[in-house]
Amino acid sequence: MAAAAAVESVVVVHNVAKRHNVGTLARSATAFGVAEVVVVGRRDVSAFGSHGATSHLRFRHFASLPLARAYLKDERGCDICGVEITHNALPVTAHPFRRSTAFLFGNEGTGLSQKECEICDFFVYIPQYGGGTASLNVTVAASIVLHHFGVWAGFPERGREGNKFVVADKPKGQSRGLYCTDSIEEVIEERKMRRENACDIFEENGSSEHQESNVLGTMLSD
């Protein structure tokens, strides 16, 4: 159980390969009380699969991982938790949380990159009990981890009506497109990071087939 001081969870979206996973991730984020979604890189994301959940979330954009880390650490006071099966990862069932936490989930195919691991304070993994798969889909993993954090933090359970949970009214004036206004410095940094990411992909994979992993796509309606 968390201490008396209020804690929050944040989801960091970066390098998710499958476009529809971002919308499904947003749906899980609203269900488990996430305070904010931090989008790194492209500032437009796909809402496909969210079933309207994106209208209940606050989004913030940063051009690069270092800029996102500075915000999460200096302004929000978050620990940054990488969800990955690393040698020093702790089981999420142990609830190894101390304060507000930002969760960074690995790419569906390659997991967390070296640059992503470098901004993390610690890592958690989800214990498995069957031998039929090596890992979980990123949205399934996110749901499990965010639920465990909510239990640890003592988030109040949402009210129910019939066989469903009560859905809040949509905030007025919520933009359908998740676009953020950037300063000139952020635009320059974003372009620089895109070039560096493209170079990293060619070096690591020898082809351009994974370039889409750093592109979140355009905003789609449900």
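A residue counts as buried when its relative accessible area is under 20%, as exposed when over 50%, and as partly exposed in between (1.4 Å probe, protein chains only). This is a predicted model, in which local features need pLDDT of at least 70, side-chain atom pairs count only at pLDDT 80 or more, and totals for chains, interfaces and linings use all residues. Residues are numbered from 1 along each chain as its sequence is written, and side-chain values use heavy atoms, with hydrogens and water left out.

Two residues in strands can be set side by side. Strands (E, at least two residues) and helices (H or I, at least four) are DSSP runs numbered from the N terminus.

| Residue | Strand | Relative accessible area |
|---|---|---|
| V37 | β2 | 4% |
| H61 | β3 (residues 59-62) | 5% |

V37 is buried because its relative accessibility is 4%. Its C-alpha atom is separated by 5.9 Å from that of V12, 25 residues apart along the chain. Contact means heavy atoms within 4.5 Å. Leaving aside neighbours within four places in sequence, V37 is in contact with V11, V13, L57, R58, F59 and R60.

H61 is also buried, at 5%. The side chain of H61 reaches the backbone oxygen of G41 at 2.4 Å.

A nonpolar core is a set of buried Ala, Val, Leu, Ile, Met, Phe, Trp, Tyr and Cys residues joined through side-chain atoms within 4.5 Å. The largest one has 29 residues, of which V11, F97, F103, F105, V145 and F149 touch the most other members. Helix α4 gives the most to this core, with 8 residues. Apart from this core lies another, of 18 residues, including V10 and I80.

Methods
Polar contact = N/O pair within 3.5 Å; in protein donor to acceptor, adjacent residues only side chain to side chain.
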